[in-house]
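The sequence and structure come first.

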Amino acid sequence: MKTDIDIHNHCHFSFDLWLTLIKSHPEFKTKRVELFSSFFDIDKPIDEVAKTVKYYDDLCNTINEVTGGNIDTFEIYLMILGSLDVDIKQINKEKLEGFYLKSEELFLEYKPVIIFENIKEFFDQIKNQGKTVNILSNTGFIKGKTMRKFLIGEELDQYIDFHIYSDEINISKPNPLIFQEVKNNLKDQELPMHRILHIGDNPVADYKGAKDFGFSAHLLKH
């Protein structure tokens, strides 16, 4: 993906993750559905489980965007399980944590594909000009702590000055409070808002959210 991101007129760069820098490994979601189905002993056809997982993934993502809050990963699991006629009263937090650990292992095995062409060279250009970078990502099934592990594994973490994930602060884009969090983390608190550029693929969460807050914004189109 080639970009025409304006490096020169901005001093700080805030990046969305999903469908901006990375996309899911082509096999990951199928493998996760299989794991989910076997781990929780779900007595339904696998395609029904897959459809239900996708439905709640999309729904919770939309709810987070509309309310600006953050539905917890374990709550999403329970909604899916309840919808698939599993007795969720029989499931405790340890079981949910056990599944999360297994799904994290799967995620790091079938790791996301980097779609932002020459990302390291691009980050190098930014850093060589003494400028700063952050990640600002809404999360659903994959928590911020897992994304950090992935970025360390890809040797991208060294370029990132700070990370903000919706599950860690219970706020999702386009809530202005999450963009305020970016502002609060900047070393240079005097930096004018228009010199801060947020880059993402979502017209509402990324582009409009950043613009409404007062940042500059760049919408990536695939």
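## Lining of the largest cavity

By class, the residues around the largest cavity comprise six nonpolar, no polar and one charged. The model is a predicted one. R32, F36, V53, Y77, I80, F99 and F141 form this lining. Two elements, α1 and α3 (73-83), each give two or more residues to the lining of the largest cavity.

The space inside the largest cavity comes to about 40 Å³. How many cavities of 30 Å³ or more does the structure hold? The count is one.

## R32

R32 belongs to helix α1 and is among the residues that line the largest cavity. Is R32 buried or exposed? R32 is buried, and it has no salt bridge.

With neighbours up to four places away in sequence set aside, the contacts of R32 are F99, L106, F141 and I142.

## The largest pocket

The largest pocket has a volume of about 780 Å³. Its lining is made up of 33 residues, and those nearest the pocket centre are W18, K29, D57, D58 and N61. Helices α1 (28-39), α2 (46-67) and α9 (203-213) are the elements that supply two or more residues to this lining.

Which element gives the most to the lining of the largest pocket? That element is α2, with 10 residues. Sorted by class, the pocket lining holds 13 nonpolar, nine polar and 11 charged residues.

## P26

P26 sits in the loop that runs between β2 (22-23) and α1. The relative accessible area of P26 is 67%. Residues with over 50% relative accessible area are classed as exposed, so P26 is exposed.

In sequence, P26 and K111 are 85 residues apart. In space, the C-alpha to C-alpha distance between P26 and K111 is 9.4 Å.

Conventions: Residues numbered from 1 in each chain as written. Predicted model: local features only at pLDDT ≥ 70, side-chain atom pairs only at ≥ 80, totals over all residues. Heavy atoms only, no water. 1 Å grid on protein atoms, 1.4 Å probe; cavity = no way out; pocket = protein on both sides within 12 Å on 5 of 7 lines; lining within 4 Å. Points joined across faces, edges and corners; volume = space filled by probe spheres on them. Helix = DSSP H or I, 4+ residues; strand = E, 2+ residues; numbered from the N terminus. Nonpolar A, V, L, I, M, F, W, Y, C, P; charged D, E, K, R; others polar. Buried < 20%, exposed > 50% of the residue type's maximum accessible area, 1.4 Å probe, protein only. Lys, Arg positive; Asp, Glu negative; His and termini not counted. Salt bridge = Lys/Arg side-chain N within 4 Å of Asp/Glu carboxyl O. Contact = heavy atoms within 4.5 Å.
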